[in-house]
Amino acid sequence: MNSKKTDWFCDARFGMFIHWGLYAIPGQGEWYMSFDRVNAKDYEKYFNEFNPQEFDPRQWAQLAKEAGMKYIVLTAKHHDGFCLFDSKYTDYKSTNTKAGKDFIKEYVEAVREAGLKVGIYYSLLDWHHPDYPKYNDMFHPMRENEAYKEDKYDWDNYLNYMHGQVEELCSNYGKLDLLWFDFSYGDMKGEKWKATELMEMVRRLQPEALVNDRLEGGGSSHGSIMEGTPSKIAGDFASPEQCMPTSELCNKKGEPVVWELCTTINDSWGYVPSDRNYKSAEFLIHKLVECVSKSGNLILNVGPDAQGRIPKEQVEALRQIGAWMKMNGESIYGCEGAKLPRPEWGRYTQKENILYAHIMEAPIGPIPITGVAKEQIESIRVLWDGSEAKDASLALGPRKHPETKFITFGNNGNFTYPLPIEA
Ligand code: H79
C-alpha cells in the first residue's frame with residue numbers, strides 16, 4: 001500500500017480539541033459575543049483582565065495521552081479575534097495581556113515533547129477586526145445594529161490580516177501536523193477567503209500538515225471533498241460538527257472520505273461552568289467506537305477555565321476513557337470499519353484480518369457473530385486478557401463499557417463474508 005499523508009491521522013482515531021481564550025472569563029461559551037451582541041470595545045475588558053496562572057500545556061498533553069488521544073488542536077484565534085500567539089498584525093494578542101506569553105509557542109513545544117501530533121485551530125471569522133463585515137453579517141455581534149449600518153470596511157485589508165496570521169502560524173512554530181479552519185457560511189466561503197492563495201501558502205510552508213474542509217464548508221455542509229473531484233481548497237478531511245454520520249462517509253464516486261467528528265463533553269466548547277450536561281465516559285467510548293466502525297476519527301473537546309485548568313468533570317471523563325483505551329486501544333488505533341452490517345449488540349471495527357467485536361448491549365444468551373462464515377474464524381479471544389472465547393457465545397452480564405472481543409481469520413484478510421454464524 002502506498003503511504004498517504006493522512007495515514008497517521010487515520011491510525012490515531014482519537015484527538016483532543018481545546019477551546020481556550022478570553023471567553024473563559026464571562027464563562028458563557030465562545031459564541032457569547034455574538035449571542036449577547038457585545039461590541040468589541042466592551043469585550044476588551046476581558047483582554048485587560050486575562051492573566052492565567054495555571055496554564056500548563058504539559059499537563060494538557062499528559063491528560064490527552066492518558067485518555068489515549070494521539071493529537072491535540074488548540075484555538076490560536078477564535079471568532080472573538082483574540083490571539084493566543086504573538087502576531088505582528090495585531091495588538092489583540094496574549095503577549096500584550098498581563099500574562100505576557102505566547103501560549104501557542106509553549107503549547108506546540110509541550111505537545112511535541114509529549115510525542116503527540118500538534119494542530120492549530122484558526123477562525124476565519126473575526127468579530128474584533130474593524131474590517132470584518134458587521135451590519136449585514138448573520139453572526140456578527142453588531143449585525144442589524146443601526147450604529148454600524150453605514151460603516152465602511154476594507155475586505156482586502158482583512159484578508160491580508162488573516163492570510164498574514166496564517167503565514168505566521170505556519171512559519172513561527174515549527175512543523176505543524178494539522179490546521180483546523182473554522183468556518184464557511186453563506187457567501188463567506190471559498191474564494192471570498194482567497195482560499196486558493198491561502199491554501200497554496202499553507203501547502204508551501206507546511207507541506208505535510210493536514211487541513212480540514214472548512215475553507216469551503218461549515219459543520220453540516222462539506223465542500224468539494226464530498227465530490228469525486230475535490231478542488232485545491234477542499235482540504236484533507238471532512239469535519240462534521242456535533243453530528244454523527246450515519247455511515248462511513250463516501251464521496252459521490254463512492255470512494256471513502258477521511259473524516260473527523262468534533263464534539264464536546266458537555267454542551268459547550270469554551271468554558272461554561274453552568275453547563276452540567278455531561279456525557280458519560282461510557283457514552284463517549286461508544287461514540288469513539290462508532291466513529292471507528294464508520295472509518296472516522298473523534299476529536300473530543302475540553303474547555304479550560306480562565307486560569308488554564310481543565311474542569312475536573314472533563315478530566316475525570318478523559319481518565320475513564322483512558323482506562324478503557326489502555327485495555328482496548330488495539331481495537332481503535334489503526335482500525336477501520338468492517339465491511340459488514342452492524343451487529344445488533346454493538347459495533348465491529350477491523351484491522352487487517354482481525355475483527356473486533358464491541359459488545360455494547362448485554363445479550364440474553366449467546367452472541368451471534370453475524371456476517372462471518374464459521375470456516376473463516378481462526379480464533380476468538382477476549383481482547384484485554386487474550387483468553388479464549390471458544391464460540392463467541394459467552395453470556396455476558398451488563399457492562400459499563402463495551403467489551404471488546406477479537407476474532408482472527410485464518411485466511412489472512414483475503415476473505416468474504418458469505419454466511420452469518422448463529423452461534
Ligand atoms: O469552535 C466551535 C464552534 O464555536 C464553531 N465550531 C466548533 C469547532 C462553530 N459553532 N457553530 N458553528 C461553528 C457553525 C454555526 C452554527 C450556528 Fe449557531 C447555528 C450559528 C447560529 C446557529 C451554534 C448554534 C452557534 C450558535 C448556535
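Reader: How many residues surround the ligand, and which are the closest?

Author: A residue is near a molecule if one of its heavy atoms lies within 4 Å of it. Here 13 residues surround the ligand, and the closest are His19, Glu30, Trp31, His78 and Asp182. This is a predicted model, in which local features need pLDDT of at least 70, side-chain atom pairs count only at pLDDT 80 or more, and totals for chains, interfaces and linings use all residues. Residues are numbered from 1 along each chain as its sequence is written, and side-chain values use heavy atoms, with hydrogens and water left out.

Reader: How many residues of the shell around the ligand are nonpolar, polar and charged?

Author: Ala, Val, Leu, Ile, Met, Phe, Trp, Tyr, Cys and Pro count as nonpolar, Asp, Glu, Lys and Arg as charged, and the others, Gly among them, as polar. The shell holds seven nonpolar, two polar and four charged residues.

Reader: Which N or O atom in a side chain is 2.6 Å from an oxygen atom of the ligand?

Author: A polar contact is a pair of N or O atoms within 3.5 Å; within protein, one must be able to donate a hydrogen and the other to accept it, and residues adjacent in sequence count only if both atoms are side-chain atoms. The atom at 2.6 Å from a ligand oxygen belongs to the side chain of histidine 19. For tyrosine 121, the distance from a side-chain N or O atom to a ligand oxygen is 3.3 Å. Glutamate 241 has a side-chain N or O atom 3.0 Å from a nitrogen atom of the ligand.

Reader: Is lysine 98 buried or exposed?

Author: Buried means under 20% relative accessible area, exposed over 50%, and partly exposed in between (1.4 Å probe, protein chains only). Lysine 98 has 60%, so it is exposed. Its side chain reaches the backbone oxygen of asparagine 48 at 3.0 Å.

Reader: And is glutamine 165 buried or exposed?

Author: Glutamine 165 is buried, because its relative accessible area is 0%. Contact means heavy atoms within 4.5 Å. Leaving aside residues up to four places away in sequence, glutamine 165 touches Lys77, Cys83, Phe85, Ser87, Tyr89, Thr90 and Tyr122.

Reader: Which residues of helix α7 are buried?

Author: Helices (H or I, at least four residues) and strands (E, at least two) are DSSP runs, numbered from the N terminus. In α7 (residues 195-205) the buried ones are Ala195, Leu198, Met199, Met201 and Val202. Down the axis of α7 they fall within an arc of 160 degrees, so they line one face of the helix; the arc is that of the directions from the helix axis to the C-beta atoms.
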